[in-house]
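I opened my notebook to look up a few spots in one structure. Here are my entries, in the order I made them.

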Amino acid sequence: MKTFQVLFVLLLTAAATDGQSFHIGNCPQPSVQEDFNVTKYMGTWYEIEKLPAVFEKGKCSQATYSLLPDGTVSVHNAEILSNGKINSIQGVGKVENASQPAILSVGFFKGVPDAPYWVLSTDYHSYALVYSCADYFRLFHVDFAWILARTRELSQDVIGQLHDKLTAAGVNVNRLIVSNQTGCDALEQ
Ligand SMILES: *[C@@H]1O[C@H](CO)[C@@H](O)[C@H](O)[C@H]1NC(C)=O
Ligand SMILES: *[C@@H]1O[C@H](CO)[C@@H](O)[C@H](O)[C@H]1NC(C)=O
Ligand SMILES: *[C@@H]1O[C@H](CO)[C@@H](O)[C@H](O)[C@H]1NC(C)=O
């Protein structure tokens with residue numbers, strides 16, 4: 001490997017020890033939601049559980065999606081930081097291939113590659129299971145997953161079913177972290 005690749009691997013290893021999800025080999029290719037309808041998926045989703053992501057540090061994490069006139073999706077993520085301040089970020093999502101509508105990509109920063117956003121399962125009105133995985137040099141991959149809900153809590157039955165889907169996708173559900181969705185008044189309008 002070239003020096004910069006070694007550096008990159010070291011950086012990612014550091015990221016892994018900081019809580020990200022780093023694995024040898026290529027990304028799994030889980031099945032996604034059939035006949036996904038992005039219009040029905042719009043609106044606000046609350047984070048119930050997630051695989052660790054260093055870029056999310058607060059509580060009460062939520063995402064609000066809305067369709068833009070050009071067919072792309074406006075993404076607005078918000079959370080409450082430990083100091084009580086609201087942290088929010090704006091991005092754009094899009095379906096890359098109309099024949100695979102449940103596979104989106106989301107970008108937050110100019111010049112930074114878009115992140116994959118795969119909707120593995122959703123009923124649109126209560127739960128959604130989202131998976132994101134990126135391959136590096138065909139050597140290893142880093143993945144993220146989110147269990148989302150239309151309200152700040154979700155039944156253990158549904159959570160259990162979504163865990164089963166993640167397990168089938170090759171994700172170790174023991175790595176999931178439960179999100180804190182209490183004391184979120186600052187984000188309610
Ligand atoms: C997607 O959902 C919207 C809103 O419910 C509906 O109007 C539209 O017909 C659906 N599209 C398809 C392809 O089913
Ligand atoms: C879109 O997806 C279909 C079905 O998986 C595939 O056959 C086609 O090559 C894809 N198109 C592009 C532009 O990637
Ligand atoms: C969640 O946040 C609330 C309010 O800030 C706090 O009182 C509670 O201890 C937190 N719960 C956990 C499990 O961290």
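**Entry 1**

I am working with a predicted model. I looked up threonine 39 to begin with. Threonine 39 has a relative accessible area of 51%, and exposed means over 50%, so I wrote it down as exposed. I then checked where it sits: threonine 39 belongs to helix α2, which covers residues 38–41. I also took a distance to tyrosine 65.

Which residues surround ligand 1? I found Asn37, Thr39 and Lys40. I noted one distance here: an N or O atom in the side chain of asparagine 37 is 2.4 Å from an oxygen atom of ligand 1. Taken alone, ligand 1 exposes 360 Å², and the protein buries 26% of that.

**Entry 1: Ligand 3**

I moved on to ligand 3. Around ligand 3 I listed Lys59, Asn180 and Thr182. I looked up a distance for each residue name. For lysine 59, a polar side-chain atom lies 2.9 Å from an oxygen atom of the ligand. For asparagine 180, a side-chain N or O atom is 2.4 Å from an oxygen atom of ligand 3. For threonine 182, the value for a polar side-chain atom is 3.5 Å. Ligand 3 exposes 360 Å² when taken alone, and 28% of that is buried by the protein.

**Entry 2: Aromatic rings**

How many aromatic pairs does the count come to? I got nine. I wrote down two of them. Tyrosine 41 and tryptophan 45 make a tilted pair, 5.2 Å centre to centre, with 35 degrees between the planes. Both tyrosine 41 and tryptophan 45 are buried.

Tyrosine 136 is partly exposed, because its relative accessibility is 23%. Phenylalanine 140 is buried, because its value is 3%.

I also noted one aromatic cluster, formed by Phe36, Tyr41, Trp45, Tyr65, Tyr117 and Tyr124.

**Entry 3: Charges over rings**

Lysine 40 lies over the face of tyrosine 124, at 5.3 Å from the ring centre. Lysine 40 is also one of the residues around ligand 1. Arginine 150 lies over the face of tryptophan 45, at 3.8 Å from the ring centre.

Key: Residues are numbered from 1 along each chain as its sequence is written. Chains are lettered from A and ligands numbered from 1 in the order in which they are written. This is a predicted model: local features need pLDDT of at least 70, side-chain atom pairs count only at pLDDT 80 or more; totals for chains, interfaces and linings use all residues. Side-chain values use heavy atoms; hydrogens and water are left out. A residue is near a molecule or strand if one of its heavy atoms lies within 4 Å of it. A polar contact is a pair of N or O atoms within 3.5 Å; within protein, one must be able to donate a hydrogen and the other to accept it, and residues adjacent in sequence count only if both atoms are side-chain atoms. Accessible areas come from the Shrake-Rupley method with a 1.4 Å probe; for residues, only the protein chains shown count as cover. Helices (H or I, at least four residues) and strands (E, at least two) are DSSP runs, numbered from the N terminus. Buried means under 20% relative accessible area, exposed over 50%, partly exposed in between (1.4 Å probe, protein chains only). Rings of Phe, Tyr and Trp (its six-membered ring) pair if their centres lie within 6.5 Å; planes under 30 degrees apart count as stacked, over 60 as edge-to-face and the rest as tilted. A charge sits over a ring if NZ of Lys or CZ of Arg is within 6 Å of the ring centre and within 35 degrees of the ring normal.
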